[in-house]
Amino acid sequence: MENEVIQITDKEEINKVIEIIKKYNESQYNFTTWYWKRLFLRGMEHERVLEILQEYDKIFLIEKRKLKFGDIGYELFYRLSNNTSFSIAVIPLKDKLEFIHAIEYKRRLDERIKDFKQKR
């Protein structure tokens with residue numbers, strides 16, 4: 001599964017991942033240097049990322065992948081409006097939830113899903 005991306009669009013499967021994420025409270029959040037660097041370069045506010053993270057009902061896609069050291073990473077995709085999507089990449093670890101990046105897209109990501117399914 002390493003480097004293989006699995007797209008999760010089924011609401012029941014999305015809810016299973018959400019339950020994993022909900023197990024962590026803010027004191028267990030760990031923000032990587034990469035997260036802070038990319039946030040700064042994109043001019044995004046950290047508080048906004050934390051707010052969006054909790055809007056679980058807006059998640060329409062999760063990409064799951066096995067990472068370099070065997071951990072499982074999830075990228076949560078949120079539809080904020082008709083033309084704005086947002087993603088937050090996290091790694092649930094034993095005692096912390098590690099944040100890798102957050103990205104705001106000023107477009108719908110339906111093509112990303114469609115392109116992924118066509119490649120399969």
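Tyr 35 has a relative accessibility of 1% and therefore counts as buried, a term that here stands for under 20% relative accessible area, with exposed meaning over 50% and partly exposed the range in between (1.4 Å probe, protein chains only). The structure is a predicted model, in which local features need pLDDT of at least 70 and side-chain atom pairs count only at pLDDT 80 or more, while totals for chains, interfaces and linings use all residues. Residues are numbered from 1 along each chain as its sequence is written, and side-chain values use heavy atoms, with hydrogens and water left out.

A search of the whole structure finds 8 aromatic pairs, where rings of Phe, Tyr and Trp (its six-membered ring) pair if their centres lie within 6.5 Å, and where planes under 30 degrees apart count as stacked, over 60 as edge-to-face and the rest as tilted. In the pair made by Phe 31 and Tyr 35, the ring centres are 5.0 Å apart and the planes stand at 40°, so this pair is tilted. The rings of Tyr 35 and Trp 36, by contrast, have planes at 80° and centres 5.2 Å apart, so they are edge-to-face. Phe 31 is buried, as is Tyr 35, whereas Trp 36, at 39% relative accessibility, counts as partly exposed. One aromatic cluster is formed by Tyr 29, Phe 31, Tyr 35, Trp 36 and Phe 99.

The next element to consider is the sheet. Helices (H or I, at least four residues) and strands (E, at least two) are DSSP runs numbered from the N terminus, and two strands pair if DSSP finds at least two bridges between them. The sheet is open and has 6 strands in the order β1-β3-β4-β5-β6-β2, with mixed pairing. At its edges stand β1 (5–8) and β2 (29–31), each with a single partner strand, so one side of each is left without a neighbour in the sheet. From one strand to the next, the twist averages 30°, where axes are lines fitted to C-alpha atoms, for helices over the stretch in contact, and angles run from 0 to 180 degrees between N-to-C directions.

Strand β5 (residues 84–92) runs antiparallel to β6 (residues 97–105), to which 8 bridges join it, and a hairpin connects β5 to β6 through 4 residues. Within this pairing, Phe 86 stands opposite Glu 104 in β6, and the bridge partner of Ile 88 in β6 is Ala 102. Strand β5 also runs antiparallel to β4, with 7 bridges between them, and the hairpin from β4 to β5 passes through 2 residues. How many of the residues of β5 are buried? The count is 9 of its 9 residues, with Thr 84, Phe 86, Ile 88, Val 90 and Pro 92 pointing one way from the strand and Ser 85, Ser 87, Ala 89 and Ile 91 the other way.

Helix α2 (residues 33–42) lies across β2 and β6 and runs at about 20° to β6. In α3, the buried residues are His 46, Val 49, Leu 50, Ile 52 and Leu 53. Seen down the axis of α3, these residues fall within an arc of 165°, so they line one face of the helix, the arc being that of the directions from the helix axis to the C-beta atoms. They pack against α1, β2, α2, β4, β5 and β6.

Helix α1 (residues 11–22) includes Ile 14, which is buried with a relative accessible area of 1%. Leaving aside neighbours within four places in sequence, Ile 14 is in contact (heavy atoms within 4.5 Å) with Ile 8, Thr 9, Ile 59, Phe 60, Leu 61 and Ile 62.

Finally, the nonpolar cores, each a set of buried Ala, Val, Leu, Ile, Met, Phe, Trp, Tyr and Cys residues joined through side-chain atoms within 4.5 Å, draw these elements together. The largest has 27 residues, and those with the most contacts inside it are Leu 76, Ile 88 and Phe 99. Two or more residues are given to this core by each of α1, β2, α2, α3 (46–53), β3, β4, β5 and β6. A second, separate core of 5 residues includes Phe 60, Leu 61, Phe 77 and Ile 103.
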